[in-house]
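Here is a quick tour of a model for someone who likes geometry with the cut-offs spelled out. Have the viewer open while reading.

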Amino acid sequence: MGPMAPLTRRAVLALGGLAATGLLAPHASADAAPATGGRLPRQVRRAGSPTDLERHDRDNLLVVVTKDRPLDPVDYAPDDLVDWRDPDYQLRAEVADQLSDLFDAAQEEGHRLRVISGYRSHETQRETYDYWVRTTGRKAADATSARPGHSEHQTGLAVDLDNDKGTCYLDQCFGDTAEGRWLAEEAHRFGFVISYPEGQRERTGYTYEPWHVRYVGPTVAGDMHREGFLLLEDYLAAEALRPALRRPGRARPV
Ligand SMILES: [Zn+2]
């Protein structure tokens, strides 16, 4: 799907400043400040051992959220949100920490990334979705914006990224930039996967979104990368069919 028309300043104000906080729909052209500043404290380190979320919150970590499958409860909110470098954006604590490592690794190879959307609450998503319904109609809104309770951003695990040039902001051409290619190849090392891969619209309901990554933890992201799974739900379904390989406490497909 193509980028949405830019919001006018009036529309931004009508949204109560949502755009200013970067909390608009995935395809809204809200201005977003580049991520700057220092590192987050390192609370989560992996060294071949499961991370905190992999050990203690696997059901929420691996929750599948789609157009057909809402969060349960529908107004779910994570209880461990932290600011991401810039207080406009929040993520679950482990996600922010791993993303910080990802950013550092990217920068070491000359790629500068920035966050352009993080956690969005049920209420924010409702306001956002309603805005698009009012201005573009329900069908168009559904093509570009998740209904409340159906957005991966509500899990605090998903993040939209851009490079520091902004020429492919929320655009599929981001996947062809050096940063987008690096992200597709390396994100799994830090526990992230691209939720809406190219050619999967029939399955996901969304066209290719190379900028939207979702945290599943390094173990599952590594498995998916190694075994060639594009979609988390396919990985979970396959995993359920090989019980001998299942690890204790591993989440079942939902
Ligand atoms: Zn997104």
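## Ground rules

This is a predicted model, in which local features need pLDDT of at least 70 and side-chain atom pairs count only at pLDDT 80 or more, while totals for chains, interfaces and linings use all residues. Residues are numbered from 1 along each chain as its sequence is written, and side-chain values use heavy atoms, with hydrogens and water left out.

(Buried means under 20% relative accessible area, exposed over 50% and partly exposed in between, using a 1.4 Å probe and protein chains only.)

## Strands and sheet

Four strands make an open sheet in the order E3-E4-E6-E5, with antiparallel pairing. Strands E3 (113–117) and E5 (192–194) stand at the edges with a single partner strand each, so one side of each has no neighbour in the sheet. On average, neighbouring strands of this sheet are turned by 45 degrees against each other, direction ignored. (Axes are lines fitted to C-alpha atoms, for helices over the stretch in contact, and angles run from 0 to 180 degrees between N-to-C directions.) Inside the sheet, E4 (residues 158–163) and E6 (residues 212–215) run antiparallel and are joined by three bridges; Val 159 stands opposite Val 213 in E6.

Elsewhere in the list of strands, E1 (residues 81–84) and E2 (residues 86–92) are antiparallel and share four bridges, with Leu 81 bridged to Arg 92 in E2. They form a hairpin with one residue between them, and Arg 85 in the turn has a positive phi of about 50 degrees. As for the terms, two strands pair if DSSP finds at least two bridges between them, and helices (H or I, at least four residues) and strands (E, at least two) are DSSP runs numbered from the N terminus.

## Val 95 in helix H4

Val 95 is found in helix H4 (residues 93–108) and is buried, with a relative accessible area of 0%. What does Val 95 touch? Not counting residues up to four places away in sequence, Val 95 touches Gly 156, Leu 157, Phe 192 and Tyr 215, where contact means heavy atoms within 4.5 Å. Val 95 and Tyr 215 are 120 residues apart in sequence, yet 6.5 Å apart in space, C-alpha to C-alpha.

## Aromatic pairs

The structure holds five aromatic pairs. In one of them, Tyr 131 and Trp 132 have ring centres 4.9 Å apart and planes at 75 degrees, so the pair is edge-to-face. Rings of Phe, Tyr and Trp (its six-membered ring) pair if their centres lie within 6.5 Å; planes under 30 degrees apart count as stacked, over 60 as edge-to-face and the rest as tilted. Tyr 131 is buried at 10%, and Trp 132 is buried at 4%.

The rings of Phe 229 and Tyr 235 are edge-to-face too, because their centres are 5.6 Å apart and their planes at 85 degrees. Phe 229 is partly exposed at 22%, whereas Tyr 235 is buried at 1%.
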